[in-house]
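Work through the exercises below with the sequence and the structure at hand. Try each task before reading its solution.

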Amino acid sequence: GAVTAWAFLGPLAKSKGWAPGAITAWEGGAQGWVLWVAVGLMLAESLASLVLTSYDQLMSSRRSTGRLSAETLPTSQLVPDRWWWGGLIGASILAVSAISPMLSIPCWQTALAVALSCPVAVLAVRALGQTDLNPVSGVG
């Protein structure tokens, strides 16, 4: 991937004018162009894998029991749904109300960022569980 990116895609982006800056520039250069294309591809692959894995698990759960089974633990040992949803909504409201005025960002953009960060967090947790490597540098 790195050889393809730097030997072919970086020079192609420079010659086509997609990245008119210096090759090593993060803004306007091939380095930034290659980085964000790679991050987009990584997230697209992870989302596709998540959807396919979820679908496969859903179908295998239905085949084995004849119905959809949610959990194997007793209800007394599970976190109540009201707590989970209340925490998610409360944390989202707190994030929007703190970040929007602090960074002078419209509230709808901050809310959108919070909503988009949820599937990315799921992907990061999946990657951590499958590889035992924290994807902080890749997913951020």
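**Exercise 1. Confidence**

Among the elements of the protein, which has the lowest mean pLDDT and which the highest?

Solution. This is a predicted model, in which local features need pLDDT of at least 70, side-chain atom pairs count only at pLDDT 80 or more, and totals for chains, interfaces and linings use all residues. Residues are numbered from 1 along each chain as its sequence is written, and side-chain values use heavy atoms, with hydrogens and water left out.

Step 1: pLDDT is the predictor's confidence in each residue, from 0 to 100. Helices (H or I, at least four residues) and strands (E, at least two) are DSSP runs, numbered from the N terminus.
Step 2: The lowest mean, 55, belongs to helix H5 (residues 136-139), and the highest, 93, to helix H3 (residues 81-103).
Step 3: For the protein, the average is 79, and 84% of the residues score at least 70.

**Exercise 2. Elements**

State how many helices and strands the protein has.

Solution. There are 5 helices and 0 strands. Read from the N terminus, the order is α-α-α-α-α.

**Exercise 3. The span of H3**

Solution. 
Step 1: Just after H3, Ser104 has a positive phi of about 55 degrees.

**Exercise 4. Aromatic pairs**

Find how many aromatic pairs there are and classify them.

Solution. 
Step 1: Rings of Phe, Tyr and Trp (its six-membered ring) pair if their centres lie within 6.5 Å; planes under 30 degrees apart are stacked, over 60 edge-to-face, and the rest tilted.
Step 2: This rule gives 2 aromatic pairs.
Step 3: Trp18 and Trp33 are stacked, at 5.6 Å centre to centre with 25 degrees between the planes.
Step 4: Trp18 lies in the loop between helix H1 (2-16) and helix H2 (30-65), and Trp33 in helix H2, so this pair ties together parts 15 residues apart in sequence.
Step 5: The ring centres of Trp84 and Trp85 are 4.8 Å apart and their planes are at 85 degrees, so this pair is edge-to-face.

**Exercise 5. Accessibility**

Is Trp18 buried, partly exposed or exposed?

Solution. 
Step 1: Buried means under 20% relative accessible area, exposed over 50%, and partly exposed in between (1.4 Å probe, protein chains only).
Step 2: Trp18 has 48% relative accessibility, so Trp18 is partly exposed.
Step 3: Trp33, at 24%, is also partly exposed.
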